[in-house]
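Hello,

Here is the structure for your files. My notes follow below it.

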Amino acid sequence: MSYKLDDQINEPTLEDMTAKAIEILRKNEKGFYLFVEGGKIDMAHHSSKAKKALSETIEFDNAVRRAFNMTNPDETMIVVTADHSHTFTIAGYPERGTKILSKVKYGGKDTRGEDNLPYLTLGYNNGPGGRINESRRHNVNLDKTDDKDYVYPSGINLAYETHGGEDVLVFANGPWAHLLVGSFEQNFIPVAMAYAARIGPGTQVSLPSGENSLLLNGTHLQTLLLSLGVLVVCRFLKDT
Ligand SMILES: [Zn+2]
C-alpha cells in the first residue's frame with residue numbers, strides 16, 4: 001500500500017478498506033472481530049518523514065470516522081489506540097498560525113537556538129535526520145520542509161528512527177467502553193475486550209452480582225480494530 005501522498009494509481013484508502021471489511025463481516029449473524037492498522041504512520045515516522053506521518057494520521061482518522069458511522073454504539077464496541085509512541089516531538093513556542101511543517105516563529109520572526117540558527121516545530125530524538133557529518137547544526141533555512149519526503153531533523157543519527165516509551169491514549173466507545181477509561185498496562189486491553197465480548201478467557205470471568213447481562217449472556221461479538229492507529233470495534237448481538 002502506498003503512502004497517500006505517493007498514490008499514483010488511486011489505490012483504495014484505509015477508509016475504503018475498513019468500510020468494505022465491515023460490509024462483508026457484518027453479514028455474519030454471530031458477529032465479528034476486525035483489526036485495522038494505520039501502519040503507514042509508523043513507517044513514515046521511522047523514516048522521519050513527518051509530513052507523510054501526519055497525512056497518514058488523517059487517513060486513519062477518516063477510517064475511524066467511517067467505522068463509527070457504519071456501526072451502532074448500542075451493540076458495537078470501538079477501541080482506538082496505538083501500540084507504541086515514537087520519538088517525534090512538537091517543540092518550541094510557535095505562535096498561532098505558524099505552519100506545522102515550518103520553522104518556529106514568534107512575532108513574525110524565526111526563533112533561533114544558541115547557535116543562532118532557526119529550528120523546526122517538528123523533530124525527532126533520533127533517526128535519519130541526524131546529519132552527523134556537519135560540523136555545526138544543519139541550517140533548516142536551506143530546506144524545503146513542506147516536501148512530502150523531507151527528512152525532519154533528529155538529535156542522534158540512526159538509519160531508522162525508533163519507537164518511544166510514553167504511555168499512549170486509549171479511546172473507547174460502546175458497550176463496556178468504561179473498562180478502558182484511565183491509564184493501564186497494554187495487557188489489560190485484550191482482557192477487557194474479551195470480557196466485554198465474552199470470548200476466550202472472557203467467558204471465564206464471572207459477572208458482578210446483579211449486573212445486567214443483556215449484553216453478556218449468550219451474546220456474540222463483532223469487533224473491528226484499526227492501529228498506530230489501532231481501532232477495535234466489537235459488535236454485540238443478542239441471541240434470538
Ligand atoms: Zn515501528
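Helix H2 (residues 39-46) has these buried residues: Lys-40, Ile-41, Asp-42, Ala-44 and His-45. Buried means 20 or more other C-beta atoms within 10 Å of a residue's own; exposed means 12 or fewer, partly exposed in between, with C-beta atoms placed from the backbone. Helices (H or I, at least four residues) and strands (E, at least two) are DSSP runs, numbered from the N terminus. The cover over the buried residues of H2 includes helix H3 (50-70), strand E3 (85-86) and strand E4 (88-90). Contact here means C-beta atoms, placed from the backbone, within 7 Å.

This is a predicted model: local features need pLDDT of at least 70, side-chain atom pairs count only at pLDDT 80 or more, and totals for chains, interfaces and linings use all residues. Residues are numbered from 1 along each chain as its sequence is written.

Ser-48 is buried, because 27 other C-beta atoms lie within 10 Å. Trp-176 has 17 C-beta neighbours inside 10 Å, so it counts as partly exposed.

Helix H1 (residues 14-25) packs on H3 at about 25°, axes 8 Å apart. Axes are lines fitted to C-alpha atoms, for helices over the stretch in contact; angles run from 0 to 180 degrees between N-to-C directions. On the H1 side the contact includes Leu-14, Ala-19 and Ile-22; on the H3 side, Phe-60, Ala-63 and Met-70 are among the residues.

Best wishes

Definitions and conventions: Two residues are in contact if their C-beta atoms, placed from the backbone, lie within 7 Å.
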